[in-house]
Every structure is written in structure tokens, then in C-alpha cells.
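Visitor: Please take one part of this structure and look at it closely. I would like the surroundings as well.

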Amino acid sequence: MNFLFYAGKRFLQVIPALFGISIAVFFLVHLIPGDPADIILGQTATPARSKVIHHMLGIDRPIIVQYFSFLNHLFHGSLGKSYVNNLSVTKLILGRLSATAFLMCGGILLSLLISVPLAILAASKEGATRDQVVRVIPIVGLGMPQVWVGIELILLLGLKVHWFPVSGFGDSFLQHIRSTFLPALSIAIGLSPILIRSLRASMLEILEADFVLTAKAKGIGKMRVTLSHVVRNAIIASVTVLGVNIAYLVGSTVIVERVFAIPATGSLMIDAIATRDYPIVQGVTLFFAIVVVIVNLLADLIHAALDPRVAL
Amino acid sequence: MSTPLLSVRDLHVEIQTSRGLLKAIRGISLDIDAGQSIGIVGESGSGKSITLKAILGLLPKNARITSGEILIEGVSLNSLSANKRAALLAEKIGIVFQDAIAALNPVMTVGRQIAEVPYRRLGWSKEKSHQRAIELMQLVGIPNAEERFHVYPHQLSGGLRQRVAIAIALSGNPQLIFCDEPTTALDVTIQAQVLRLLMDLRQKEKTGVVFVTHDLAVVNEICDEINVMYAGRFVERGGVQDCFQHPVHPYTYSLLKAAPDMEHQVERLFSILGEAPDLTKPVSGCPFAPRCFAATDICLTSEPTLQLVGSSTSACHHSGSFMQSLSALDVNEGGAGR
Amino acid sequence: MSTTLIRGKSLTGRLKFKGNGSFYLGIGIISLLVIIAAAAPLISHYDPTGQDLLNTLVPPSRHHWLGTDQLGRDVFTRIIYGARIDLTIGFAAVLLPFILGTTLGLVSGWFGGWFDSLLMRIVDTTIAFPFYVLAIALVFIVGPGPKAIILAITLVGWVAYCRIIRAAVLVAKELDYVHAAKLSGLPTARILRKHLLPNVISQAIIFSMSDIVLSILAIVSLGYLGLGVPIPTAEWGSMIQEGQAYILQQWWIPTIPGVMVVITGFGLSLIGDGLVRRLNK
């Protein structure tokens, strides 16, 4: 019960941030020079026709009114219509949602799978060879562009040996997984140096804490000390670290999907730039910002569920 | 002569630091029988905490025992496998750390932490262990034990937390409890309560105590014997009353002078000038010599060893005549300590 | 008589991994890169954008150390000219966030109050924006090229400095020497500048090292997407993108620019780590 209250409270706290985001996105995109009427009408633009378009799009109203209209539409689930093909932006985004979801989830999963074991490995014997080796990873890995990692993975795992497809999203669920594996791996490799560094530091803190000494002094065996005392604290620390870096991960999907030609939300946005289709740019930006906020909220709630020190 | 419960012979511990290899303990020997109450005092950096950790095999990663033997009831720990060693130590000795908030697992209820030894090591059933935990909580004076079982460490006050730590230390029915500055983080009233608890336990359960601290007043209250540590070695050892009234090592003497005596309101504070020596460098002569009021030439070249002086042991070239005369003088003035 | 309880390798030397040596190695690497970039025209006589359609995709040879790309341009030349773009923008892009973030963090941490609360709200809103999404949106607004990148990095990047400095200030302002300065009646600006700033700035400097790496990654990634520096100009990101099609046969064309980024990141990380170690002494 307490937890539900806490979840509700946190959700309410998120709302001002969401408002702030909507303001930021709206005004950001409306600062663009250029007239949408020109895009839509193209060669056939005349002042009279432009005026009609302006009225149709509602951009002849004062900007505050436009903002509230925008908000109003938001509440009704509408993000406007593409200038180019008049399709609902929401529909367009939803169409790409599945691909983006695969990339994000795959990225998070693989990041954890790579970083957590390495961090634990390093922290368990500080100063030993394996620790030194793991500590080198962030130093070398931090500078690895994800697009470059993606390309090398394409070369090694897609072209030299044909384990994974090198482009496209596929049709079945299984094909989706195969197609998004390499991109997710690229994202994970890009994020891991940062995660490993933070996770290792957190693990060290835990392993050197007095309560672990107390547990060891109980004579209950190393395995039990690890299971009962270290693991849960380690998970809590991991969730915190991941939460902090989630924005970066989400942004990475946008880049990486281009390397692998996966039709996800990022491509939608990038293509919209060429055609000056700003409802799409606005919609996608908003979408991503909201995703980050939601994922952060989830991380927060998971943390609260696991850590009794969080006041519910 | 019966075998002591715990016997430490010539222990040496080294720590790797950024400044070099630190010889934290340079030859310590100690015999403890069940039911005894021993104090180990010294400044920070003297090696007193490390001693406890070394004995229990809880040294940090950058430290290790380089030589020496530890025997439990005559059995050398060297001859045992790591698991057997840990089990034997856990069976005989419990430990209470200084800062209970750091020494308790923040994500486990206190009850479960206290019940852990019976449940996991002694193989008791869950119900029995739960019951035992409640008993222990009552023994250490935690009110509402049944409710408090399900509470988390951060929800308790400092004093209660420390009692939980003591309950955990007692949970395996040890014959000896190590206390690493258990009252330093507490305020004076709580400190008094915890000390009283330890003394009660000693009487009722006959558990011995090894008390590591820098607070002489505490040692005075709770210990029978005292070992004064300096620069990784014992410099004076003996009965607490003897030591406090007739210190035979200049360091002990200086400590007692420096500690304001609550009862007799000693006005002047004899502060010990200088700092503890850097143990990454080899020790030549007596390590206390630079700060010692009684130092002479021989003190700079030869490190003294522990020798019997009256009823105490002391490592000083001048323990005999000079210190005894000094102590005798002080007795007339009202005593160096109490 | 005396036996060793714990068998194990000697502890000496084990904790000496990455002594000061690595710090200087980092400085060396970056200096070398900067020199090569600056001296590019002296090192190579080729024009980085000069095409030679009779000699496309030539493998590495004496004339072309790294071969030529699909338009006959000398790859090696493009790499070292690319260093100019990426390194310059990378370093420059961090300057504004550093200054802006540090100043705001200083003021916010010192004065607290409504300003601090408001600023933290803005911080919360800002960090919700995934950097690349924002950068792309900005490219949309101001057009491709270094302007958008620097703007994006500034808009999002100041937050990290602000938080770091603010946290350091909150700690530092309780220290004795700061209280002393306050009591002696010094004007606030002076206290902030002379007493507080020098002691908190080290954190920001350390962070800026990894921030530079991140901004170079941003330029390279945006360059890959075609949203960075316009195409004919040699830039590592666009080189990776153009080279992707040839990955199988001429794998070095897209690979080497990436390796350059890794090396740059490596050098900067070593410097950052070295600074951390020095400042913790």
C-alpha cells in the first residue's frame, strides 16, 4: 500500500517536468526560420494560398494560443499531422515504436549483462590482474564511437561470418531479435565503459563496507555472505547507476539505428529534417523526452521497492 | 596451566599503501582466557584495530599477515583450511565494530541479521532462530523485541543499533567478544549503557571481552588487563589498576597525564608533542624516543623489548628505576591516572 | 617457528598500476595529435578534398600510406585533416558549458534559495532530453555544421558542470576558511572568486576531460548521420559513414577514423585519471 502511495507521489512529481519538456520542445521547434506553407505548397505558393495554409495549420494565432492548442491536442493523444504526407504523427511514431523498443530493451539488457559481471569481477579482488584489466576498459572504451562499433560488428559478425543480418528489422519476432542484436550490442559496448566505472566503484564500496566484515565474521561461508549481503546492495547500486545513464542510452538508439538501417523512431526524425517536417521533429523529440522521464521514474520505483532506506 | 582460549604469537602484519609498505604490526603476542576482559589502547594508527581484524581473518585486500601464529585452544590456525579457520573463529569469537550504521546490512531487517548465525551456521530451524534472535534482543536490552525484529537498521537510534551489533556478536554463543571502538560513535549516556551491558554479559554469560579503544576511561571501567600499543607493538601490559596508578612506560605515563581526570580534576594537561612514527620506514631504536621525556642515547639506537617490571611488562630501557621513581612521586601528588 | 598465515603473491607493486606514467602518456598522446593536426599541410602534400577518379580505392602503398577512398582522395591526408575539425570542435564545444555551468553552479550552491530551486527544476527538465535527440532537433533548426553541435552541447552540457560545482560548493562552504573569509567581511564576489572557485574547479576540470571525449563522439556521430560538418570536408564521422559501404574490401577506410577517436579518447581519459590521482594526493 505504502508503495502505491509512493509511486503515485513520484508520478505527480514528474508532471511539472513533463510540462517543462512540453514547453521546451514546443518553443524550440517554433523558433525555426522558414515558413511551413512553403514546404506544403512548394512551387505553387502564393501569398493568398500561404495565408490559407497558415489558417489551416493554426499558425496565424498568437504563440501562446498555439501552445495551449498544442497541449490540448497532446491530452487527446494527438501530436499533429505531418506536413509532408498529412499522416498523424502519433500513428507514425507508433508504427516505429516496436523497433525502438527492441533497441532500447536490447541495449539495456546487454549493457547490464556486460557491465555488471565485469564490475563485480574487478571489485572482488581489488588490485589483482583482473581488476587492472577491467579498469582499462573504460579508458579505452570511452572513446569508441557507437557508429564505429556498429560498423566493426557488421564486418566481423555480419559479413565475415553471417551470424546476424546487417540491416533491416525483419518480420517475425525472432527476426526482430536477430536484427536488433548487433545494434543493441553496439549501444551496450558504447555505454559499458561508463557503467563499468560507476558500478565497480559502487561494488568496491559495498565489498569494503563494515557490514560485509560483520557478515564474514559470522562464519556462514563466502557464498552466503555474497548472496545475503552483497547481492541486494549491488542490485540497488546498479539500478541507480543505470538510471543516471538512461538518457544517454535512449539517445544512442537514434544513432545506431542508422548504421543498421533499422526503421525506428530516430530515422523518422532524421528524415523529417530533410523535408522540414517539423510536427514530426517536434513529436519525436517530445516522445523521447517522455520516454526518458518514464524510464527514470521506473528506475526510481524499482530502487524504492528494493531499498528499505527510501522513505515511502 | 590450561591452554588459553586465544593465543597470538609474534604477529606481523603489513599493509600496502600509496606511500609504501607499512609495517602495521611488528610482533604482537597475546594470550586470552575465557572470561577475561582485556583492553588494547593506543592512538589512531597504532595498529589496534588491525590486530582484531588480523586475528579474525578480516584484513582488507591490501594487508596481510607476514608472520606469526594464531592458536585457538591450542590449535594453530595455520594448520586449518580457510573454511575451517573461518568456522572456528566464528564459533569462538564475535566482533562488534565502531560504527553500527556501517556495520549492519542496510537492506536486511535487524532480526534476520541476528538470527543469521543460528539459522545459517548452526543449522537451526527458522522458527528457532527467530526465537533466539528475540531472546538475544531482549538480552541486550532492546525493548519491543518482537516488533523490532522486522525493523531496518536505519530506523533505529545509534544506541539501539549498537545493541543489535552486540546481539549479532553474541548470536553464536562465542566465548570472546572483540570490540573495536564500539562506543566512540555514541554519546556519553548511551556509551555508559552499552558498557554496562557488556559488563553484565561478562558476568552473566562469562563472555570475555577484548576492548580496543583510545579512551582510557572506558578501559578503566570495563577491563581487568590492559595492553598499551604504540607503533605496532605492545609497550606496556599489566593489570589496569597497576598500570593506571603506576605506569612504567613513558608513553603510558604521558597518555595518563594527557587524559583529563574527571574525578580529581587535574589542572595541567601533559600533551604529547610530536606525531606517531612513519611505519613505512624501518624503525631504528625505540619508536617513541622522539616524543619521550625520558629518552637517552640508547633509546635512539636500540629498540627495547618487553620485560617484566614489577607486576607489569614494559618495553623501555628506563622502565625499572626511573619510571618507578616517577610513579612513586606521582602517588604522593595524587596519581598519574586515577 | 613463524609461519605465514596467508599465502599470496607479494603485495608490493600491485597497487602501483597506472602511476604517474600514464598521466604523461596521456599528455603525450594528445600533444602528438594536436601537433599532427596543426602541421597537417606540412605532413602531407595532398589536398584532403582533392579527387582523383583514376585512382580510387587504391590499397595502402608508398604514395598513399593508407590508400585512397572511393573518390580517389588520400585517406591518410583526410585523417590528419579530420583531426583538425574533430579536435578543434571537440575542445571548443566544451568551453561554453564549462563556463556557464560552473558559474551557475557556483551561484546556485552559494546563495541557495529560490534561484537554486528554480535552477534545479531547469536541470531536471534538461537532463530528460537525450543529447542526440536534442542535437538532431537543433540541426533541424539552425542547419547542419559545427554551430548546431556546439549549441546542442552547450544547451545540454552545462548541466553536468553545474551539478558538480554546486555539490562541491555545498561542501566547501561549510569549511573553516570560507567561514573565516565571510566573517572578515570580504565582498561575496571576491570570496566566490578567490576562495571558493579555486578549490571546487578541480572537479570540473577533471570532468571536462571526459566531456571533451563525449563532444568529439557527438561530432563524429552527427558527422556520420550527415548532420555535421558538410561533406567534402574531411571529418572522421563522415569518413566512417562514407566508408561503410566499402567495409568488406577496404576495411581500413571506415575503421581507422574510428581508431583515431578511440586513441583521442584514450589519451584524454589518461589525463583525466591522472588528474584525479594528483588531486587526491
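Guide: Here is a close look at helix 11 of chain A and the contact side around it. The model is predicted: local features need pLDDT of at least 70, side-chain atom pairs count only at pLDDT 80 or more, and totals for chains, interfaces and linings use all residues. Residues are numbered from 1 along each chain as its sequence is written, while chains are lettered from A and ligands numbered from 1 in the order in which they are written.

Helices are DSSP runs (H or I, at least four residues), numbered from the N terminus. Helix 11 of chain A spans 265–274. Seven of its ten residues are buried, so helix 11 is largely enclosed by the rest of the structure. Buried means 20 or more other C-beta atoms within 10 Å of a residue's own, with C-beta atoms placed from the backbone. The buried set is A:Thr265, A:Gly266, A:Leu268, A:Met269, A:Ile270, A:Ala272 and A:Ile273.

What covers them? The cover includes helix 5 (89–124), helix 10 and helix 12 of chain A, together with helix 5 (131–142) of chain C. After helix 11 comes A:Arg276, with a positive phi near 55 degrees.

Now the contact side. In all, 40 residues of chain A are in contact with 41 residues of chain C (C-beta atoms, placed from the backbone, within 7 Å). Helix 11 of chain A supplies at least two residues of that side. So do helices 1 (2–29), 6 (129–141), 7 (146–160), 10 (222–259) and 12 (278–306). By class, the chain A side has 30 nonpolar, eight polar and two charged residues. Nonpolar covers Ala, Val, Leu, Ile, Met, Phe, Trp, Tyr, Cys and Pro; charged covers Asp, Glu, Lys and Arg; the others, Gly among them, are polar.

Notes
Two residues are in contact if their C-beta atoms, placed from the backbone, lie within 7 Å. A residue is buried if 20 or more other C-beta atoms lie within 10 Å of its own, exposed if 12 or fewer, and partly exposed in between; C-beta atoms are placed from the backbone.
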